Amino acid sequence: MAFDGLFTYSMTADLQQLVTGRITKIHQPNAQEVVLHVRANGKNHKLLFSIHSSYARVHLTEHTIDNPAEPPMFCMLLRKHLEGGFISSIKQRDFDRIIIVEIESKNEIGDPIVREIHAEIMGRHSNLLLIDQEQGKIIDSLKHLPPSVNSFRTVLPGQPYIAPPTQNKWNPLTVTDDELTSFFAEARTTQEVVTQFAGFSPLHAEELLFRMTASDTLTCFKDFMVSFANGGTKPMYVIYNNKTYFSPIELTHLQGEVTVYPNVHELLDRVFFARAERDRVKQQAGDLERWLQNEIDKLSLKTKKLTKDYERASKLDQFQLYGELLMANIYAFEKGVKEVTVTNYYSETGEEVTIPVSERKTPIENAQSYYTKYTKAKNALIMVQEQLEKTTEEIAYFEMLAQQVQQASPGDIEEIREELAEQGYLKLRHAKKKKKQVKPEPERYVSSTGVTISVGKNNKQNDMLTFKIAKRTDIWLHTKDIPGSHVVIHSSEPDETTLREAATLAAYFSKARESSSVPVDYTEIRQVKKPNGAKPGFVIYFEQKTLYIDPDEAVILQLKKQS
């Protein structure tokens, strides 16, 4: 990952806009994230700390993250010590991936106190700690590390704070010209740069060496470091060889698909938000995903069995033929034989047919036995056909719900649980407090030309949007023959840009999110109908036209930002 010491340096510089700001609210959406609401320079900011093993980061975010009904203990502790306090400084420790936020606050009796938040952005070792500055002790942390886990430092409430061990590398801001000249006197590899200088990841080491091929060593190194100051010069997101890279500066050594962002905060929202959101949903809905997959597997197995039953029952015509041929030749054989060969007078060629019979039964009983088999097979065929249709519908329903869970925000999951309970599949968890029923609220987006677009993220929202919220003349969109969200353009005559952006939303919030050239149908709401007895979210529609769209996450984030 590229959230290295250099990125931390850029981020710390850009976060100076929060210094003197007041902490107004504190939330902890889950076990790995904390959000501070800060009022600074006449604006409200949301400062996100994440210690996720893959997505650890610190930055300002414009996105809203759903919070639990009851705040966790660590959140309550932060509120007690930090709410109402003022940020006096934000700094980086030793050019490492550690950001320290110093906060001046007051204790219960009104005496001034200074607390520090230490964000250690170190992959699976990431942590967030609240420190008593005066005593140098840990008040608490998101992760606890007893001596049995970490012999170098104990991270527990009341313990002295010990910083992570330093790596004894050169600080790129204080390294001397002589040291630089000596080090780069010979050709260096990416790994050698990473080993020698603090804060360098392989990505930025490679970029430095690439730039040095066309410039003086000292000048290039100093210009390179200056480019990271003040939040970076050109925050960018690059897709190269099907891999994603990001940096606060221009990555000249990667010739891929480039997107430039106004600042490092919007860049990180682009890089991490969808992935982090998916992870939040997994934490909340892991059991639901497993249950849905289990149901799909069971129904798939049932379909195979029913298909075999259907194939067996499909032999009913043969049973009828055998019964009639035996009746026509009732005097041609006697009890005690195992088979009878007769002429098939129903065939144009009149070939002979050998019919298995029971030795213990009379000729008329054998004929009657085949008639009975025919009747049973005929009834079974009808029942199996009905069961197959019902099972196929249920598989499609559960696959649609599984797709919705994968692309849901944490707030959508409860509505999916409620729907399954209403359909008789699940029992709702017992809540401590009975929540007031809230109407499903589809997500709102705004197109580049200012037209409102709504997206249903689950079946409750889909039905509410299509049949309650939308007008009959609004434009409705859905992926063609692919599970996905209902999308509505709140306009009877949308412009081409709005139509394509709405189609992008429909393609993105569907099972075909990772595909290209996704077919998206669109028609007027008046042409969308719900069949009697259909499950939630199922509709039929007419008079549609089709667009082919490549889903683009950057477009989705831009439309959300405009809303």
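These are my notebook entries on a predicted model, written for someone meeting it for the first time.

**Ground rules**

I number residues from 1 along each chain as its sequence is written, and I leave out hydrogens and water, since side-chain values use heavy atoms. As this is a predicted model, local features need pLDDT of at least 70 and side-chain atom pairs count only at pLDDT 80 or more, while totals for chains, interfaces and linings use all residues. My helices (H or I, at least four residues) and strands (E, at least two) are DSSP runs, numbered from the N terminus. I call two strands paired if DSSP finds at least two bridges between them.

I began with strand β6 (residues 98-106), which is joined to β7 by 9 bridges and runs antiparallel to it.

How many residues of strand β7 are buried? I found 7 of the 9 residues of β7 (residues 112-120) buried, so the strand is largely enclosed by the rest of the structure. (Buried means under 20% relative accessible area, exposed over 50%, and partly exposed in between, with a 1.4 Å probe and protein chains only.)

Next I followed β7 to β8, and these two pair in the antiparallel sense over 6 bridges. E116 stands opposite I131 in β8. The hairpin of β7 and β8 has 6 residues between them, and G123 in the turn has a positive phi of about 60 degrees.

Then I moved on to β8 (residues 127-132), which pairs with β9 over 4 bridges, again in the antiparallel sense. Here L129 has S141 in β9 as its bridge partner. The hairpin of β8 and β9 has 4 residues between the strands, with G136 at a positive phi near 65 degrees. Strand β9 (residues 137-141) is mostly covered, as 4 of its 5 residues are buried.

**Entry: an open sheet**

I also looked up an open sheet of 3 strands, with antiparallel pairing and the order β11-β10-β12.

I count a contact when heavy atoms lie within 4.5 Å.

E207 is found in helix α5 (residues 202-212). E207 is buried, with a relative accessible area of 0%. Not counting residues up to four places away in sequence, E207 touches F224, I249, E250, L251, T252 and H253.

Y370 lies in helix α9 (residues 363-407), and its relative accessible area of 8% makes it buried. Leaving aside neighbours within four places in sequence, I find Y370 in contact with F319, Y322, G323, L326, I355 and P356. Y370 and G323 are 47 residues apart in sequence, yet 5.0 Å apart in space, C-alpha to C-alpha.

S491 sits in the loop between β18 (487-489) and α12 (496-508). S491 is buried too, with a relative accessible area of 19%. Residues up to four places away in sequence aside, S491 touches V451, T473, D474 and I475.

I searched the whole structure and found 1 cavity of 30 Å³ or more. (On a 1 Å grid over the protein atoms alone, a cavity is a set of points where a 1.4 Å probe fits but cannot get out; a pocket is an open set with protein on both sides within 12 Å along at least five of seven lines; lining residues have an atom within 4 Å of a point. Grid points are joined across faces, edges and corners, and a volume is the space filled by probe spheres set on the points.)

The largest cavity holds about 50 Å³ of space. Which helix gives the largest share of its lining? Helix α7 (residues 264-313) does, with 4 residues.
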